[in-house]
Structures are given as C-alpha cells and as structure tokens.
2 protein chains.
Amino acid sequence: MDFLAQLQRAERKNQSMLCVGLDPEPTKFPGTMRGEPARIFDFCARIVDATKDLVIAFKPQIAYFAAHRAEDQLELLMAHIRRVAPEVPVILDAKRGDIGSTAEQYAREAFERYQADAVTVSPFMGFDSIEPYLRYPGKGVIVLCRTSNPGGSDWQFQRLADVDGQPRLFEHLARLAQTDWNRNGQLGLVVGATFPAEIERVRQLAPTLPLLIPGVGAQGGDAVATVKAGWRPDAPIVVNSSRAVLYASAGDDFATAARRVAMETRDLLNSARSTV
Amino acid sequence: MDFLAQLQRAERKNQSMLCVGLDPEPTKFPGTMRGEPARIFDFCARIVDATKDLVIAFKPQIAYFAAHRAEDQLELLMAHIRRVAPEVPVILDAKRGDIGSTAEQYAREAFERYQADAVTVSPFMGFDSIEPYLRYPGKGVIVLCRTSNPGGSDWQFQRLADVDGQPRLFEHLARLAQTDWNRNGQLGLVVGATFPAEIERVRQLAPTLPLLIPGVGAQGGDAVATVKAGWRPDAPIVVNSSRAVLYASAGDDFATAARRVAMETRDLLNSARSTV
C-alpha cells in the first residue's frame, strides 16, 4: 500500500488529520525520566501508546535522536509504532537535501534502516535532490514548500523574475511538484499553518498532494482556518502538533494529558471539516 | 582558534587547498574490505593517514555513515583525525536545514557529539536555519549557495523580481552571507566547481568568505579555472575531491594510490595559484 493510501486509511480509521510529532527533549521529560536521554524510547513509546488511535500519522524528528546518540532508540521506536499501530504511517522528519549517491544513502537511511513510510526533504538543490527517493515505490516524499518561520520568506516568498506570471518561489515549487515531479504519486508538500491564505494557494496549485502542516499547537496556527484552506475529501492534510501534545503535563500523568490534548486537537480539526 | 584561522593554518602548513571528502561506500572498498560496513572506520582512517599532510581539511559526509548504522564509526573517525592530524580542520557534510530547537539539536550533533570544526547547512528555510549554529563561537557554518548539479538551477539560478538589480538567488545569498549573516566571521559558502564564472561572481560578492568547492576530480570540474576564480591570499578555498582519491585503486595499494592522486591534485591546484 502506498503512502497516500496509508494516509487515507488512517484518516478514515482514526477519523483524524492530526499528526503527533515525536521531538523528544529529555530536559522536558516528566518525573524520573527528566534529563535522561536513555529514556527517549520509553517516553516516545508511551506517547505513541496513548495517541495511536487518534492520529493520521506519527512524525519522529531525527535531530532529537541524533543529538543524543540515540539512533538505536529511534530504530526501536519505529518498530514499536509498526507493532502497536500497523495502520498508522510514520513520516521521518529529516529535511535531507543532497544529490546523487549521497541522496541515495539518505534514502536508504530513511526507508531501509528506519523503515519510514515517508521522509521530509529540502528542495534547495532542485529536482535531483528529490528524485533518488522516488525510486522507492510507494514511499512518501514530502518536500519543503512554504515554512512559516520568519526566514521562510528569505527565499520561498521571493517572486521569480523569469517564470511566467512571476510566481513566488513556493508557488512555482507547488506547481512543479504537482505536475512535473510527482511521477508516481509519491510527493507531498510541507506548508506552515501560520498563513492559511498560503495553504489555500498551495492547495490550488497542488490539488491532489497531501500537505504536511506543522505549526498548530505550540506554534499557534489556527486549526480551523488551516483545515478550511487545505483539506479536501480526496487530498489529506497532516496537521502536526509536537510540544503541545508531548509536554501537556510535566507530571506522571503525561501520557493521559497527551491523549487529552491530542483528542481535543483532533476534534477541533474535525469540526472544521464541515466548513469546507 | 576559529575555523577560518584553522583553515589558513592548514593551508600554509600543508601548502594545500585540497579537501579529501570521506564518502565511504563499502561496495567500492578494496580487497577483503569490500562490502563490509564494519570496515568503514578502517578504510577512512587509512585514507586519512595517507593524505593528512596534503590537505587543508577533511570532509566526512554523514549520509554514508548513517545508511550503514555507522555513527559510532564516524565518532571514532573524528577522534582519529583529531589525534593524527590535530591541525587539519574537519567539515561535517550534513547539509542540515531546520529551525529553532530542531536546528539546535543538529548543531549539538555536529559540534558536540562529533566535535566537527564546521558543518554544511542548507538555507532553504532562511536565516533562522543558520543562526542556531552561529551560537557555537569559532565553529564554521558553510551554507549551500550555488551547486553544479542540473537541479542546482531550479531555484539557485532564478532571478529575484523584487530585489534591487534582480540578482539571481545565489548572488543575493552570497551578498547576504557576506554582509548581514556573517556576524562573527563563522560563515563560508558552497559553490560548485563546474561553473568558474559563478565562483568568480560569488567571490566578488563575498570577498572574504571561505568557499567550499565540490566537484573537482570524479565530477570533472576544472581545477585551474577554479583556483583562479575563487582563491585569494586572504580568503581560502577548500576544493573537495572524494571518489577520485578514495577509490584511486581497488587493490591493496589503495592508500598509496589515494596519496598519489591527492598529491597530484594538490600540486595542480597550487600551480594555478600563480595565475591569480
């Protein structure tokens, strides 16, 4: 089953557009786990167990593992998710961006070593930096398109002088991703939640691609506006929340608290669907 | 000692602009090492030992380690270089590109875990994706600017409609890196060797930044034109060659062959200096 079909199945089964981002920071862990990198797997597994029936996907961010020499715990976590939630796809958030044999190594890392269902990539080096991932049939490749941090405008928001209609870079990218690059239906796009009008614009240019939308929750995007702008019955959105769920409580009830916040966010997103 | 001073010291001591890229591919290893990911450290250490007096820097590419679960071997390799060649700076080629606390984790991975002297980063998410690395005083941060793969033109070569003079993206980036972003003298730029005129353009816009120039050797850039375009007495260039050195021989003489190719490349680059 390919990544898009996996997303659609999880969306239906869990009635959810919510993705829980697994960005483990030991300094924020509860109780006796606090400050213990050796507990990264335990902490994340508890979050997975508490939210697995509420999500469309999980998204571990590899930097948080790499900084703590915890690649082995990431492998365990991927296997754990596969075991307890076989119908929930896993997006490895790595934003890799390289070409040729180096990109092949990164694809191997994501899809063979970690058995991810999809990976995030950065398009700065152009289509050659995307193509090696597309050689893994059925795997998802989610390309950075428009990010909502201040520096997101340094390049992504620039209008391109020599392209017809002088689109902004992110607009041109969304169009290319939909029309030229998406050879086997594997692509998706990352679009920040802070600017719903831009999600709407990306959806216009890329009507069938799944959109990964970070920035709801701790980063403050408006959930309802996000769904309205991006969700379509045949084109899922994957709305990520990390810190707001992971660190909902600093006490021993952290898993229960995470479940409560995940459920609230899921329901809020679902309620917005009726407005589309 | 900061990264730029380290480069200048190694350039002088080893009379070299050559960087040996450590991109270990077990399928290309010689003799009994062939196909053995467990020999990644051994292979790379032999290359380091054979070339350490000929280089301005070493550049391990992290993907080649990550694909084989060999982060521990990368740690050993970094320590080995530090021990046998304490005056040769090490650039971790990772092309990371993320923001906020995620970028902080990547910086921690590069500078604390691996003790790299510099790291390559991708600027797609803008200055916020560079800034967290600059908080490590003295460490080098080498930003992708203009790459010579075909897709390098997808965005980097686009002219920006709303910036004065409608510069190409890579030109605007080079200027910003020199003037606005380089707060503590930590920045460098990656510029491909295939287009010497573009190296010259970047050098014009960023007169004092070190340039990391991949693409000489197996990728076929012209060494002499590269030096002429980029090298200045007070602004080093770091000309990378990986495969041409690493896989100079598939036999037991691989280290001797690597040394010979490294020496030839170094000498060729040096001979071009007199033309500047």
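## Helices α10 and α12 of chain A

In this predicted model, helix α10 (residues 223-230) of chain A and helix α12 (residues 254-273) of chain A have axes that come within 8 Å and cross at roughly 45 degrees. Axes here are lines fitted to C-alpha atoms, for helices over the stretch in contact, and angles run from 0 to 180 degrees between N-to-C directions; helices (H or I, at least four residues) and strands (E, at least two) are DSSP runs numbered from the N terminus. α10(A) and α12(A) are therefore oblique to each other, given that angles under 35 degrees count as roughly parallel, over 145 as roughly antiparallel, 65 to 115 as roughly perpendicular and the rest as oblique.

The crossing of α10(A) past α12(A) is right-handed, a term used if the near helix is turned clockwise from the far one by less than a right angle, with anticlockwise giving left-handed. On the α10(A) side A:Ala223, A:Val224 and A:Val227 take part, and they meet A:Leu268, A:Leu269, A:Ala272 and A:Arg273 in α12(A), where contact means heavy atoms within 4.5 Å. The residues of this contact of α10(A) with α12(A) comprise six nonpolar, no polar and one charged, with Ala, Val, Leu, Ile, Met, Phe, Trp, Tyr, Cys and Pro counted as nonpolar, Asp, Glu, Lys and Arg as charged, and the others, Gly among them, as polar.

## Helices α8 and α9 of chain A

Helix α8 (residues 169-181) of chain A lies across β5 (140-146) and β6 (187-191) of chain A, and runs at about 155 degrees to β5(A). α8(A) also packs with helix α9 (residues 196-205) of chain A at an angle of about 35 degrees, their axes being 8 Å apart, and the crossing of α8(A) and α9(A) is right-handed.

From α8(A), A:Phe170, A:Glu171, A:Ala174, A:Arg175 and A:Gln178 meet A:Glu198, A:Arg201, A:Val202 and A:Leu205 in α9(A). Sorted by class, the contact of α8(A) with α9(A) has four nonpolar, one polar and four charged residues.

## The sheet of chain A

Eight strands of chain A form an open sheet in the order β2-β1-β8-β7-β6-β5-β4-β3, with parallel pairing; two strands pair if DSSP finds at least two bridges between them. β2 (57-60) and β3 (91-96) of chain A stand at the edges with a single partner strand each, so one side of each is left without a neighbour in the sheet. From one strand to the next the twist averages 30 degrees.

Within chain A, strand β7 (residues 211-213) and strand β8 (residues 237-241) pair in the parallel sense over three bridges, and A:Leu211 stands opposite A:Ile237 in β8(A).

## Strand β3 of chain B

Strand β3 (residues 91-96) of chain B is mostly covered, with six of its six residues buried, that is, under 20% relative accessible area, whereas exposed means over 50% and partly exposed in between (1.4 Å probe, protein chains only). B:Ile91, B:Asp93 and B:Lys95 on one side of β3(B) and B:Leu92, B:Ala94 and B:Arg96 on the other are all buried. Three bridges join β3(B) in parallel to strand β4 (residues 118-121) of chain B, where B:Val119 is the bridge partner of B:Leu92.

## Positive phi values

Most residues other than glycine have a negative phi. A:Lys95, in strand β3 of chain A, has a positive phi near 50 degrees and is buried, with a relative accessible area of 9%. B:Gln115, in the loop between α5 (100-113) and β4 of chain B, has a positive phi near 55 degrees and is partly exposed, with a relative accessible area of 47%.

## Conventions

Residues are numbered from 1 along each chain as its sequence is written, while chains are lettered from A and ligands numbered from 1 in the order in which they are written. Local features need pLDDT of at least 70 and side-chain atom pairs count only at pLDDT 80 or more, whereas totals for chains, interfaces and linings use all residues, and side-chain values use heavy atoms, with hydrogens and water left out.
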